[in-house]
Amino acid sequence: MNLLPYFASIPYRGGIGICPLSALAMTEQAAANANSLCPGAQSVAVILFPYLVRDTVPRNLSLYACGADYHQVVADALRPVCQTLTRDFPAYHFVPLADASPIPEVQAAWISGAGILGKNGLIFDRTYGSFVFIGTVLTNAPADPTPSSRRVCPNCGACRRACPLGALHEDGTVDVSRCLSDLTQSKQPLTPEQEQALQRHPLIWGCDLCSEVCPLNRDVPETPNPAFRDSRVTRLSRTDVDGMTRRQFHERHPDRAFTWRGPKPILRNLKLHGE
């Protein structure tokens, strides 16, 4: 069953690919979760969504967090095509997923041929580089898999050298306890070493260092998607978060990915910066 033209019709997308779930390294629990979402699930379609915008104003938020919340943007893009697929193939299920998924998304994007696997643990679109979000569609339809080159990055080591805490390993694994992106979002107590790293880090949410130094990202085009281009929030200050409840923070910044942990991690990071 050729489902590729349906996914090719999605606007503002990057690479696409389809692979069988059997090709993925999934735990027994992950496989069970996938089956509960889509009974008889046997394939996953992967769609990459570019988000890069080169801001000309000062920024203390990661590039991915400055535009609209990607969870909602990706879900909104996938939902119509899943509705069309359900209409055309009523015997099968098509379940759109964005981030909160039992699917190992980066691996699926690589094996399906949607992108190139980087040593920083990210997937690289052939046009837009690693500045992409991953959306998936789980299905029990007998979907034709797309050819996979299983390309990997050239392993130049630039990302490993740029990572201040050495979170990136040569085998492509990432030590999240040493990843600045994870540390900026953590609610757990930080070690003195971690606090010092965040003090030196220019961002209070997320990290772009390994992507910014990568040769594969050199001169990649910006996203054409207005959801990521318009109404950007590039910087937060103490007045944006101080004294706010989680609900108030969400209400002040609706539809933003940086609100999911509430205001406390961001306030802590601002204090570490002396702001």
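**Questions about what is buried and what pairs**

Me: What percentage of the 275 residues in the protein do buried residues make up?
Reply: Buried residues make up 50% of them. Please keep in mind that this is a predicted model. To be called buried here, a residue must have under 20% relative accessible area.

Me: And how do you know whether the overall size agrees with a compact globule?
Reply: For 275 residues, a compact globule would have a radius of gyration near 19 Å, and the protein has 19 Å, so the two agree. The C-alpha trace spans about 60 × 40 × 40 Å along its principal axes. Within that space there are 12 helices and six strands.

Me: What percentage of the contacts with a separation of 6 or more comes from residues 24 or more positions apart?
Reply: Such pairs account for 75% of those contacts.

Me: Why is serine 112 called buried?
Reply: Its relative accessibility is 1%, and the cut-off for buried is under 20%. Serine 112 therefore counts as buried. You will find this serine in the loop between α4 (105–111) and β4 (116–117).

Me: What does serine 112 touch, leaving out residues up to four places away in sequence?
Reply: Serine 112 touches Gly17, Ile18, Cys19, Val46, Thr146, Pro147 and Ser148.

Me: Which backbone atoms does the side chain of serine 112 reach, and what makes these polar contacts?
Reply: One is the backbone oxygen of alanine 109, at 3.2 Å. Another is the backbone nitrogen of alanine 114, at 3.4 Å. The limit for a polar contact is within 3.5 Å, and the distances of 3.2 Å and 3.4 Å meet it.

Me: How about serine 186: buried or exposed?
Reply: Serine 186 has a relative accessible area of 15%. With the buried class set at under 20%, serine 186 is therefore buried. This residue sits in the loop between α6 (180–185) and α7 (192–200). A polar atom of its side chain lies 3.0 Å from the backbone nitrogen of glutamine 188. Apart from neighbours within four places in sequence, serine 186 is in contact with Pro265 and Arg268.

Me: What makes β2 largely enclosed by the rest of the structure?
Reply: Eight of its eight residues are buried, so β2 is largely enclosed. Both faces are covered. Ser43, Ala45, Ile47 and Phe49 are buried on one side, while Val44, Val46, Leu48 and Pro50 are buried on the other. In a regular strand, side chains alternate between the two faces of the sheet.

Me: How do you know that β2 pairs with β1 and β6?
Reply: Pairing needs at least two bridges between the strands. Five bridges join β1 to β2, and these two run antiparallel. β2 and β6 are linked by eight bridges, also in the antiparallel sense. Both counts meet the limit, so both pairs are called paired. As for cover on β1, four of its five residues are buried.

Me: Which residues touch the most other members of the largest nonpolar core?
Reply: Those are Phe7, Ile47, Phe258 and Ile266, in a core of 46 residues. Elements that each supply at least two residues include α1 (4–8), β2 (43–50), β6 (132–139) and α12 (264–272). The largest share, eight residues, comes from α3. In soluble globular proteins, nonpolar side chains tend to be buried together.

Me: What does phenylalanine 258 touch, not counting residues up to four places away in sequence?
Reply: Phenylalanine 258 touches Leu61, Ala65, Trp205, Val233, Leu236, Phe249, His253 and Ile266. Elsewhere, a second, separate core has 22 residues, among them Leu21, Leu24, Cys38 and Ala114.

Me: Which residues of α12 are buried, and what covers them?
Reply: Pro265, Ile266, Leu267, Asn269, Leu270 and Leu272 are buried in α12. Their cover includes α6, α7, α10 (238–241) and α11 (246–252). After α12 comes glycine 274, with a positive phi near 75°.

Note on methods
Residues numbered from 1 in each chain as written. Predicted model: local features only at pLDDT ≥ 70, side-chain atom pairs only at ≥ 80, totals over all residues. Heavy atoms only, no water. Core = buried A, V, L, I, M, F, W, Y, C linked by side-chain atoms within 4.5 Å. Buried < 20%, exposed > 50% of the residue type's maximum accessible area, 1.4 Å probe, protein only. Contact = heavy atoms within 4.5 Å. Polar contact = N/O pair within 3.5 Å; in protein donor to acceptor, adjacent residues only side chain to side chain. Rg over C-alpha atoms; globule rule 2.2 N^0.38 Å.
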